[in-house]
Amino acid sequence: MKSVFTVQAVDHIVVNVADVERAAAWYTRVLGMDRLEYGTDPERPRTAMLFGKQRINLRPVSVSKDEWFTADHGAAGSDDLCFLTEASPNDTIAHLKACDVQVLLGPVARDGARGKLMSVYCRDPDGNLFEISSYTEDVAGNVE
């Protein structure tokens with residue numbers, strides 16, 4: 001029996017970083033995200049990176065759990081994230097190389113939430129693993 005309660009989508013995630021400025025600059029330059037400053041304390045604004053209908057909140061690891069309600073074991077470089085692009089894997093690799101970002105692996109076939117992906121892997125300045133992927137079929141199942 002299916003539960004009455006189900007989640008529908010991801011609204012935002014929090015990525016722990018050693019240096020918010022360095023991370024925000026990388027996410028803007030390499031991933032094309034937009035920066036947003038938010039929060040209620042003007043002395044300690046929070047930083048988020050916007051893309052599509054989602055965002056990534058950048059949490060400095062120097063901030064205590066009393067100041068930012070968060071996971072028990074937040075550490076910079078401990079995240080493994082997959083992002084979708086409409087760019088081809090070869091275009092993704094060319095872009096990463098133009099940004100002086102090392103390609104660790106790819107293109108390689110992977111399974112995504114909606115079907116088959118072609119993925120390219122790299123790391124952000126904190127060592128988080130980024131999988132940048134494109135679907136090999138459109139949502140209707142037509143091979144591209």
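Two strands pair if DSSP finds at least two bridges between them. Keep that in mind, everyone, as we look at this predicted model.

Let's start with a pair. Strand S2 and strand S3, which covers residues 46-51, run in the antiparallel sense and pair over 5 bridges. You can find one spot by eye: Leu36 stands opposite Ala48 in S3.

Now zoom out to the sheet. In what order do the 4 strands lie? The order is S1-S4-S3-S2, the sheet is open, and the pairing is mixed. At the edges sit S1, residues 12-17, and S2, residues 34-38, each pairing on one side only. From one strand to the next, the twist averages 30°.

On to the helix. H1 takes in residues 20-31, so to speak 12 residues, and spans 15 Å from its first C-alpha to its last, close to the 16 Å expected at 1.5 Å a residue. Look at its start: a side-chain oxygen of Asp19 comes within 3.0 Å of the backbone nitrogen of Glu21. After H1 comes Gly32, with a positive phi near 70°.

Which residues of H1 are buried? They are Val20, Ala23, Ala24, Trp26, Tyr27 and Val30. These residues cover an arc of only 160° around the axis, so they are on the same side of H1. Here is the general idea behind that: an α-helix has 3.6 residues a turn, so residues three or four places apart point the same way.

H1 lies across S1, S2, S3 and S4, the strand at 54-60, and runs at about 155° to S4.

Methods. Residues numbered from 1 in each chain as written. Predicted model: local features only at pLDDT ≥ 70, side-chain atom pairs only at ≥ 80, totals over all residues. Heavy atoms only, no water. Helix = DSSP H or I, 4+ residues; strand = E, 2+ residues; numbered from the N terminus. Expected span 1.5 Å × (residues − 1). Buried < 20%, exposed > 50% of the residue type's maximum accessible area, 1.4 Å probe, protein only. Arc of directions from axis to C-beta. Polar contact = N/O pair within 3.5 Å; in protein donor to acceptor, adjacent residues only side chain to side chain. Axes fitted to C-alpha atoms, helices over the stretch in contact; angles between N-to-C directions. Contact = heavy atoms within 4.5 Å.
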